[in-house]
Amino acid sequence: MRHTIVIYCLSLFYVASCLDYDGWLQIKMEHTLNCKTEKYCPRGSISLRSIRTGTAVIEQVNFNKKHISELKDLADLDGFYTIRTLVTTSDSKEVEFLSSVKAKYFLGSGLSDVINAWVLPNGEVMAVTFQVTNTSNGNVLEATDAEYEINSKFYVNHVDQAPVPDTATYIQKMEREREAKEKGDLKDNRPFYAKYWMYIVPILIFVMISGAANPEPASQPSR
């Protein structure tokens, strides 16, 4: 089944920002159901001509009797339904990601899921995640001759990279502080107790011990 979905560029830190990079994105999806002798077999694909402003075209297989039966077996064992995604962009080689969800949750959702691609500003895909949001939609799926359509929503999420410290600049700063301290040019602006705590604490401990060892005698009641 083929769907065309408008994608949204979501930023974790800046709502108005989006990707600095633009290019095509291809995601092949594989799962572990009805695979015969292979560990993973095709579930579908997601194609984007433009990561920044394009639309996602999702093509997926329909679940048949065998799919539903194996999914129910996993649910009975409290097992996981696993998806493997193989991601290719216009500037990178194929990268593999794995994501899993409890089989009973996917079954309870009526085969509805949300797929997120997490993309750095340079266009590099750092993760593809698969999750189920509605685990009790009331639809009961039976292992019959009927086929069931997978209902997927897909989002591209922009992840801003944290700034990387400049090692050379940091070393130079530490060297300048050390030289200034050796010359006496670097003032210590710490509070008094922060600078001399190693002298204050032993005195306080001595006073406390002395007071505990020599308690004052109780005063005699007046007659």
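Tutor: Start with a polar contact, a pair of N or O atoms within 3.5 Å, where within protein one must be able to donate a hydrogen and the other to accept it, and residues adjacent in sequence count only if both atoms are side-chain atoms. Here the side chains of Glu 30 and Arg 84 make such a contact at 2.5 Å. This is a predicted model, in which local features need pLDDT of at least 70 and side-chain atom pairs count only at pLDDT 80 or more, while totals for chains, interfaces and linings use all residues. Residues are numbered from 1 along each chain as its sequence is written, and side-chain values use heavy atoms, with hydrogens and water left out.

Student: Is Glu 30 buried or exposed?

Tutor: Buried means under 20% relative accessible area, exposed over 50%, and partly exposed in between (1.4 Å probe, protein chains only). Glu 30 has a relative accessible area of 14%, so Glu 30 is buried.

Student: Which side chains make polar contacts with the side chain of Asn 116?

Tutor: The side chain of Gln 131 does, at 3.3 Å, and the side chain of Asn 157 does, at 3.0 Å. Asn 116 is buried because its relative accessibility is 7%.

Student: What else is in contact with Asn 116?

Tutor: Contact means heavy atoms within 4.5 Å. Leaving aside neighbours within four places in sequence, the contacts of Asn 116 include Ala 127, Val 128, Thr 129 and Tyr 155.

Student: Why does Tyr 199 count as exposed?

Tutor: Tyr 199 is exposed because its relative accessible area is 55%.
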